[in-house]
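Open the model in your viewer and keep the selection tool at hand. Each stop below gives a selection and then what is there.

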Amino acid sequence: MTSIIGGTLPYKSPEKAIASSSYSPENDSSPVDAVIFAGTSLVLGTACRHLFNGTRVPYTVVLLVIGIVLGSLEYGTNHNLGKLGHGIRIWNDINPDLLLAVFLPALLFESSFSMDVHQIKRCIGQMVLLAGPGVLISTFCLGALIKLTFPYNWDWKTSFLLGGLLGATDPVAVVALLKELGASKKMTTLIDGESLMNDGVSVVVFQLFFKMVMGHNSDWGSIIKFLVQNSFGAVGIGLAFGFASVFWLKFIFNDTVVQITVTLSASYFAYYTAQEWAGVSGILTVMILGMFFAAFARTAFKGDSHQSLHHFWEMAAYIANTLVFILSGVIIAEGILSGRAISYKGNSWGFLFLLYLYVQLSRCVVVGVLYPLLCRFGYGLDWKESIILTWSGLRGAVSLSLALSVKQSSGNSYLSSDTGTRFLFLTGGIVFLTLVVNGSTTQLLLHLLRMDTLTATKKRILEYTKFEMMKTALKAFANLGDDEELGSADWPTVIRHISSLKDLEGRQVNPPNGYEAGSLDPTNIMDIRIRFLNGVQAAYWEMLDDGRITQCTANVLMQSVDEALDLVSTSSLSDWRGLEPHVHFPNYYKFLQSKMIPRKLVTHLIVERLESACCISSAFLCAHRIARQQLHEFLGNSNIASTVINESEGEGEEAKQVLEDVRNSFPQVLSVLKTRQVTHYVLNHLNGYIKNLEKVGLLEGKEVSHLQDVVQVPICRFFVLVF
C-alpha cells in the first residue's frame with residue numbers, strides 16, 4: 001500500500017514485529033481476536049455515551065482515556081488482557097495509512113455532506129484563510145519555536161516537519177466535539193469547514209517537508225508544482241466523482257439501499273483514487289465530494305430515503321469515531337511505553353508541556369494575524385467567536401497516523417529511530433492534552449462567554465411549548481384513558497410518571513401576551529422571521545416528497561430561503577428576491593409573443609422557462625400559506641405574528657402576478673404543469689397505499705413486488721421526462 005507520506009511502508013514496524021513475535025506463539029494469538037477489540041470498543045463506547053450523556057465531559061475525551069487505559073494495561077503488563085490484548089496488538093500493528101483509508105472517508109464525507117451549503121458559500125473566504133495562510137503561519141511558528149528551544153539538534157526541515165504535523169486542527173476530533181456541545185450553526189460551519197480544509201492542506205505540507213527530510217529535491221519550482229498538483233488534483237477528482245455519482249442517482253427511484261451504497265462507494269473510491277492512484281490529497285478529495293453532494297444531491301433523497309441516508313451516515317460516523325478515539329488512546333499508551341528511554345526522562349515531559357503551550361500560542365497567532373480579514377468575510381467574527389475558534393484547535397487521529405508513519409520510516413541516515421520515537425511521543429501527548437484540556441473545557445468556555453444562553457424570545461417560546469405539551473398530553477389521555485378491556489386510567493398517576501409535566505399542571509402560558517404592542521423589538525421580529533422561513537423550507541421539502549416540485553426547483557426555492565435567513569435582522573421577509581431572476585422573463589420573450597411568429601413555435605421555445613416560473617411561483621405561494629397558518633395557530637393574533645404574516649402576504653403579490661400573466665398569455669402551460677403534478681402525486685399515493693396494505697398484513701411479499709413494479713414503471717418514465 002502506498003503511504004500517505006509517499007513511500008511503501010511495511011505492515012509492521014521492526015519494533016512491533018519483534019514485540020509481536022515475542023508473545024504470539026506462546027499466547028496462541030489469532031487474527032479473529034481483532035473482532036474482540038472492535039466489539040469491546042463499541043460496547044464501552046455505548047456505555048460511556050449513555051453514562052456521560054448530559055454532562056460537561058465530551059464523549060470523545062472519555063473514549064481517548066479508555067484507550068489509554070487499555071493500552072497501558074496491555075503494553076505495561078506481561079500481556080494480561082488475554083484475547084482482548086491480542087486484538088489490541090493486531091489493531092495497533094495495522095499500517096497507519098490503512099487506518100486512515102478505512103475510517104477517514106466515512107467521517108469526512110458524513111461531516112461535509114451534512115454541512116449547510118449556503119453557509120459554506122458565505123464562510124468559504126474565512127475557511128480558505130484559516131486553511132491556507134493559517135496552516136503555513138502555524139507550521140512556521142511551531143517549527144521555528146521547536147528549532148530554537150528544543151535540545152534535539154534537529155535541522156530546520158525536521159522541525160518544520162513536526163510543525164506541519166501539528167499545525168492543523170483535526171476534523172475527526174473537532175467535528176465530534178462540536179456536534180456534542182451543540183455550538184451555534186455559524187460557528188459549527190466555520191470551525192468544521194476550516195478543520196476539514198486545513199487538515200487536507202496540512203497533510204500536503206507534511207508530505208512536502210517529509211520529502212525534503214528524506215533527501216528529495218526541494219527547489220522552489222518542485223515545491224510549487226507539488227502543492228498545485230495536490231490541491232487542484234484533489235478538487236478535480238472530487239468533482240469528477242461528484243458529477244458521476246449525482247448523474248447515477250438520477251436514474252435510481254425509491255431504492256434506498258442502492259442510493260446509500262452509491263454514496264458509500266463514491267467516498268471510498270474517491271479517497272483511494274486520489275491518495276493511491278493520483279498521489280494527491282484524499283482528504284481534500286472526499287471533502288469536495290461531500291460538499292458537492294450537499295449542494296447538488298441532497299434533494300435526490302426524498303422522504304424515507306432522506307431519513308435512512310441520514311441515519312446510516314450518522315451511525316457510520318459514530319462507529320468510526322468510537323474505534324478511532326479508543327485506538328488513538330492505545331497508540332498513545334504504546335508509544336509512551338515503547339519509548340521508555342525517552343518518555344521516562346523528566347525533561348521529555350517538560351518539553352511536551354512546553355510544546356502544548358507553543359501549539360496554543362501558534363493558534364493565537366494565526367487567529368490574531370488573520371482577525372482583521374476574518375471580520376470582513378462571510379458572517380464576520382466577533383471577539384467571543386475568535387476565542388472559541390482559537391480554543392477549538394484540537395488534534396486527533398490524523399496527526400497520530402502521520403506520527404506513526406514517521407516512526408515507521410525512521411531508523412536511517414535521514415531520520416534516526418530516536419527522532420521517530422520522539423515524534424510519536426510528542427504527537428501523542430499533544431493529542432491527549434488538546435482533547436482532555438481544550439475538549440473538556442470548551443463547553444465551560446461557551447458558558448462563561450454567554451454563548452449558550454437563550455434569548456428572551458426563545459425562552460418565551462420554550463415556555464409556551466411546554467404548556468402546549470400539557471394540552472397535547474391531555475388529548476392523548478382523553479383518547480387512551482378509557483377503553484372496554486382495561487377500564488380507566490388515573491391522570492394524577494400519569495403526571496407523577498412523566499416528570500416533564502409535573503411543573504406544568506395548572507399553569508397558563510400564552511405567548512401572544514408577550515408580543516403585544518410594546519414588544520415589537522428587532523430581536524423578537526428576527527426570531528419569528530427565522531421560524532417562519534424554517535416553516536417555509538419545511539413545506540418545500542414536503543412538496544418535494546409529494547412530487548409537486550422537481551429537484552431543480554427545490555434547490556432554487558431552498559436557496560432563496562437560505563439567502564433570506566441572512567437578512568432577517570436588517571429587512572423584512574425577502575425570500576422572493578432570490579426567486580425573481582428565475583421567474584422574470586427576458587425582454588426578447590415579448591418579441592416572441594408578437595403576431596409575426598407562429599403561436600406553436602413560441603410555445604415550444606419558451607414552455608420550459610414558463611413551466612419553471614409557474615412551478616416556483618405556485619410552490620412559493622403554497623409554502624407561505626402553510627407557514628402563515630402554522631404561525632397563526634402558534635402565536636394567535638399577536639402584533640408580532642401579524643407583522644410577519646403581512647410581510648409574507650406582501651411578498652406573495654408578485655408571485656400571484658407571475659401566474660396571472662402566464663394564465664392570460666399561455667393558459668395551456670398551467671394545465672400541463674398541474675397535470676404533471678397530479679400524475680406524480682397519484683403515483684406516489686398508489687405506492688404508499690401498497691406499502692400500507694403490506695404493513696397491515698393484507699398483501700404478501702410477492703404480491704407487493706408485483707404491484708410496486710406496475711407503479712414504478714410509470715414513475716420512472718415520469719422522472720425521465722421531467723429531469
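Keep in mind that the model is predicted.

**Stop 1: two crossing helices**

Select residues 185-213, helix α10, and residues 220-249, helix α11. Their axes come within 10 Å. The crossing angle is roughly 145°, and the crossing is right-handed.

Now show side chains. On α10, pick V204, Q207, L208, K211 and M212. On α11, pick I223, F226, L227 and N230. These residues make the contact. Colour them by class: six are nonpolar, two polar and one charged.

**Stop 2: the largest cavity**

Rolling a probe the size of a water molecule over the atoms shows where empty space is left. How many cavities of 30 Å³ or more are there? The count comes to three.

Start with the largest, which holds about 130 Å³ of space. To centre the view, select L99, V324, S328, A397 and S401. Of the 15 lining residues, these are the closest to the cavity centre.

α5 (96-113), α14 (303-338) and α18 (397-409) each supply at least two residues of the lining. What classes of residue line the largest cavity? The lining has 13 nonpolar residues, two polar and no charged.

**Stop 3: the second largest cavity**

Move on to a volume of about 50 Å³, the second largest cavity. Select L130, G134, V135, S138, G167, E194, N198, R363, V366 and R395. These residues line the cavity.

α10 is the helix already selected in the contact with α11. Which helix gives the most to the lining of the second largest cavity? It is α7, with three residues.

Colour this lining by class as well. Three residues are nonpolar, four polar and three charged.

**Stop 4**

Check its backbone: phi is positive, about 55°, although N153 is not a glycine. Most residues other than glycine have a negative phi.

Is N153 buried or exposed? N153 counts as exposed because its relative accessibility is 77%, and the cut-off for exposed is over 50%.

Terms used. Residues are numbered from 1 along each chain as its sequence is written. This is a predicted model: local features need pLDDT of at least 70, side-chain atom pairs count only at pLDDT 80 or more; totals for chains, interfaces and linings use all residues. Side-chain values use heavy atoms; hydrogens and water are left out. Axes are lines fitted to C-alpha atoms, for helices over the stretch in contact, and angles run from 0 to 180 degrees between N-to-C directions. Helices (H or I, at least four residues) and strands (E, at least two) are DSSP runs, numbered from the N terminus. A crossing is left-handed if the near helix is turned anticlockwise from the far one by less than a right angle, and right-handed if clockwise. Contact means heavy atoms within 4.5 Å. Ala, Val, Leu, Ile, Met, Phe, Trp, Tyr, Cys and Pro count as nonpolar, Asp, Glu, Lys and Arg as charged, and the others, Gly among them, as polar. On a 1 Å grid over the protein atoms alone, a cavity is a set of points where a 1.4 Å probe fits but cannot get out, and a pocket is an open set with protein on both sides within 12 Å along at least five of seven lines; lining residues have an atom within 4 Å of a point. Grid points are joined across faces, edges and corners, and a volume is the space filled by probe spheres set on the points. Buried means under 20% relative accessible area, exposed over 50%, partly exposed in between (1.4 Å probe, protein chains only).
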